[in-house]
Amino acid sequence: MAILEVRNIEKHFGATRVLEDISFELERGQALAIIGSSGSGKTTLLRCLNFLETPDQGSIAVEGKVIFDAADPATQKESELRKKRLHFGMVFQSFNLFPQYTALENVTLAVKLLAKERPDYKEKKNRILMEIEDEGKALLERMGLADRADHYPHQLSGGQQQRVAIARALALHPDILCFDEPTSALDPELTGEVLKVIRSLADQKTTMIIVTHEMAFARDVADQVIFMDGGVIVEQGDAKQVIDNPQQERTRQFLSRYAEN
């Protein structure tokens, strides 16, 4: 069974249709790369999956359970929104770290807030917080940032900040880790260190959706590629097949323009 099933998602902003009839599935342990020109709907699709935007049509299911159906008001309760977002860890273009908190505090903040809802929190507070701190340190070490735990965002390079953001998303143990152009705000020399982390996550079979403009990276790391244009999926399939031998003319035109640039 697919871990994620997206069916017939549509999204409008006023009279503008940004997404039209978007459907795909993702298996556990797979990496899906979404490519396309600016304005093709890639980021809006991620925002719909993370419920930063509400789809106008369609449904989203995780592990066989429908968590959103535009035709079913019961799946759209505001009170359930946070639980739904926990399925999807989000790594944004611009890091979105809290400047007043250290790297470790950024990684552990949301986990600590959620821990307060545990029925045993008051009784076991010190142990729970210590476990969260230890896991946060372990995640920073995994990102190659063990010596940066006490540094504030302004003391970190862009690549280091993005790796902190990845650790923060992983700390919540999401079913699916989502990246929205994770290297677009980085200088070229810092891009490699972030792509190396994402590549290692793919090697560890982390389930991921990656909106990216790094074609070679998508070809080598992703199991599947979706090419979007004008708010629709033009082509989807095996990563090497779509990028090396696209079947649709719009895909070929996009890739040829990208190669020229």
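**Exercise 1. Describe how helix α3 and helix α4 pack, giving the distance and angle between their axes.**

Step 1. Helix α3 (residues 103-115) and helix α4 (residues 121-142) have axes that come within 9 Å and cross at roughly 145 degrees. Helices here are DSSP runs of H or I with at least four residues, strands are runs of E with at least two, and both are numbered from the N terminus. Axes are lines fitted to C-alpha atoms, for helices over the stretch in contact, with angles from 0 to 180 degrees between N-to-C directions.

Step 2. List the contact, meaning heavy atoms within 4.5 Å. From α3 come A103, L104, V107, T108, V111, K112 and A115. From α4 come Y121, I128, L129, I132, E133, G136, K137, L139 and L140.

Step 3. Sort these residues: 11 are nonpolar, two polar and three charged. Nonpolar covers Ala, Val, Leu, Ile, Met, Phe, Trp, Tyr, Cys and Pro; charged covers Asp, Glu, Lys and Arg; the others, Gly among them, are polar.

**A note on the model.** This is a predicted model: local features need pLDDT of at least 70, side-chain atom pairs count only at pLDDT 80 or more, and totals for chains, interfaces and linings use all residues. Residues are numbered from 1 along each chain as its sequence is written, and side-chain values use heavy atoms, leaving out hydrogens and water.

**Exercise 2. Find how many residues of helix α1 are buried, and name them.**

Step 1. Buried means under 20% relative accessible area, exposed over 50%, partly exposed in between (1.4 Å probe, protein chains only).

Step 2. In α1 (residues 42-49), six of the eight residues are buried. They are K42, T44, L45, L46, C48 and L49.

Step 3. Look just past the helix: F51 takes a positive phi of about 60 degrees.

**Exercise 3. Locate D21 and H173, and state the phi of each.**

Step 1. D21 lies in strand β2 (residues 16-26). Its phi is near 55 degrees, positive in a non-glycine residue. D21 is partly exposed, at 44% relative accessibility.

Step 2. H173 sits in the loop between α5 (158-171) and β7 (176-180). Phi of H173 is near 50 degrees, again a positive value in a residue other than glycine. H173 is exposed, at 56%.
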